[in-house]
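Subject: Structure for you to look at

Hello,

Here is the structure I said I would pass on. My notes on what was found follow below.

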Amino acid sequence: MSVEFAVVLPVVALVLTSLVAAVLVVDAVGRLEVAAATAARAYGRGDDDAGLAAVAQLAPGADVTVHRGDGVVCVRAERGATGPFAAVPLGATGCAAEAGR
């Protein structure tokens, strides 16, 4: 094993770890988007318990904020990322018509 290989190996490992962590962040954002959209539809039809259950199942540990107005229900789901990007806040918003309008 050469000295150059010994120097480059930790850099390659760091880059690969960052790439895997970035994929996990993208997955978490996707889960938040699906959870927010599903919860918004549930809140829109008046089923608040199903809205909370959807977020709890699809994006565990996410904080939920619900805004109602002008016949529209919007749900904001937020949580932190994992791994090396744990300090990065993630969030998604989903909106749906209220009461089937």
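With which side chain does the side chain of E98 make a polar contact? The partner is the side chain of R68, at 3.0 Å. A polar contact here is a pair of N or O atoms within 3.5 Å; within protein, one must be able to donate a hydrogen and the other to accept it, and residues adjacent in sequence count only if both atoms are side-chain atoms.

Some background before the rest. This is a predicted model, in which local features need pLDDT of at least 70 and side-chain atom pairs count only at pLDDT 80 or more, while totals for chains, interfaces and linings use all residues. Residues are numbered from 1 along each chain as its sequence is written, and side-chain values use heavy atoms, with hydrogens and water left out.

E98 lies in the segment after β3 (89–97). Helices (H or I, at least four residues) and strands (E, at least two) are DSSP runs, numbered from the N terminus. E98 has a relative accessible area of 18% and is therefore buried; buried means under 20%, exposed over 50%, and partly exposed in between, with a 1.4 Å probe and protein chains only. Leaving out residues up to four places away in sequence, E98 touches G44, R68, G71, V72 and V73, where contact means heavy atoms within 4.5 Å.

The E98 and R68 side chains also meet in a salt bridge, 3.0 Å from N to O. This pair links distant parts of the chain, since R68 is in strand β1 and the two residues are 30 apart. A salt bridge is a side-chain nitrogen of Lys or Arg within 4 Å of a carboxyl oxygen of Asp or Glu. Side chains of opposite charge can pair when their charged atoms come close.

How many salt bridges does the whole structure hold? The search finds 4. One of them joins D48 to R68, with the closest N and O atoms 3.2 Å apart. D48 sits in helix α2 (residues 48–58) and R68 in strand β1 (residues 63–69), 20 residues apart, so distant parts of the chain are again linked. D48, at 34% relative accessible area, is partly exposed, and so is R68, at 42%.

Through shared partners, salt bridges join D48, R68 and E98 into one network.

Another salt bridge is found between D27 and R31, with the closest N and O atoms 3.1 Å apart. Both are in helix α1 (residues 3–44), and because they are 4 residues apart, about one helical turn separates them. D27 is partly exposed at 39%, and R31 is partly exposed at 42%.

Regards
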